[in-house]
Amino acid sequence: MCRKYTRHHSISLKSLITTDRSKWGGYVCRSSQFFNSRDSVFYPENQEIAEFECGYIADTQLSDGSWDVPWGWDSFPDVWAVSKNRIKSQMIVDNLLYLKGFGII
């Protein structure tokens with residue numbers, strides 16, 4: 001049962017991850033949103049894109065150690081000014097944990 005469940009969800013997960021890398025500058029699903037190491041049951045089916053993401057994360061890190069938030073809230077500029085910093089903080093933690101989980105750092 002567990003093996004069947006995992007296989008089904010791995011296939012479903014693969015369909016959720018955006019593999020068109022030209023779209024990664026926007027609001028898309030990446031492997032890091034679902035798992036953060038090669039030990040994950042979802043890694044084998046998503047190995048290529050997961051490994052690519054390691055390089056992408058490293059290449060897109062800004063000089064201050066953060067990453068750009070690839071979306072905004074144009075209708076709420078005051079709220080966005082505060083929320084953007086909170087989102088950037090979460091992105092820093094998430095990206096570093098992903099790189100650590102893959103043995104990059």
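Helices (H or I, at least four residues) and strands (E, at least two) are taken here as DSSP runs, numbered from the N terminus. On that basis, the secondary structure of the protein chain comes to three helices and zero strands, and the elements run α-α-α from the N terminus on. The model is a predicted one, in which local features need pLDDT of at least 70 and side-chain atom pairs count only at pLDDT 80 or more, while totals for chains, interfaces and linings use all residues. Residues are numbered from 1 along each chain as its sequence is written, and side-chain values use heavy atoms, with hydrogens and water left out.

Confidence comes next. The pLDDT, the predictor's confidence in each residue from 0 to 100, averages 89 over the protein chain, and 90% of the residues score at least 70. Helix α1 (residues 2–16) has the lowest confidence, at a mean of 64, whereas α2 has the highest, at 96.

Turning to the interior, 29% of the 105 residues of the protein chain count as buried (buried means under 20% relative accessible area, exposed over 50%, partly exposed in between, with a 1.4 Å probe and protein chains only). The largest nonpolar core has 18 residues, and those with the most contacts inside it are Phe35, Ala50, Tyr98 and Phe102; such a core is a set of buried Ala, Val, Leu, Ile, Met, Phe, Trp, Tyr and Cys residues joined through side-chain atoms within 4.5 Å. The elements that give two or more residues to this core are α2 and α3. Leaving aside neighbours within four places in sequence, Ala50 is in contact (heavy atoms within 4.5 Å) with Ser31, Phe35, Tyr43, Tyr98 and Phe102.

The structure also holds two salt bridges, each defined by a side-chain nitrogen of Lys or Arg within 4 Å of a carboxyl oxygen of Asp or Glu. In one, Arg21 pairs with Glu48, the closest N and O atoms being 3.4 Å apart. Arg21 lies in the loop between α1 and α2 and Glu48 in helix α2, so this pair ties together parts that are 27 residues apart in sequence. Arg21 is partly exposed, at 34% relative accessibility, whereas Glu48 is exposed, at 61%. Arg38 and Glu51 also meet through their side chains in a salt bridge (2.8 Å, N to O). Arg38 lies in the loop between α1 and α2 and Glu51 in helix α2, so the pair ties together parts that are 13 residues apart in sequence.
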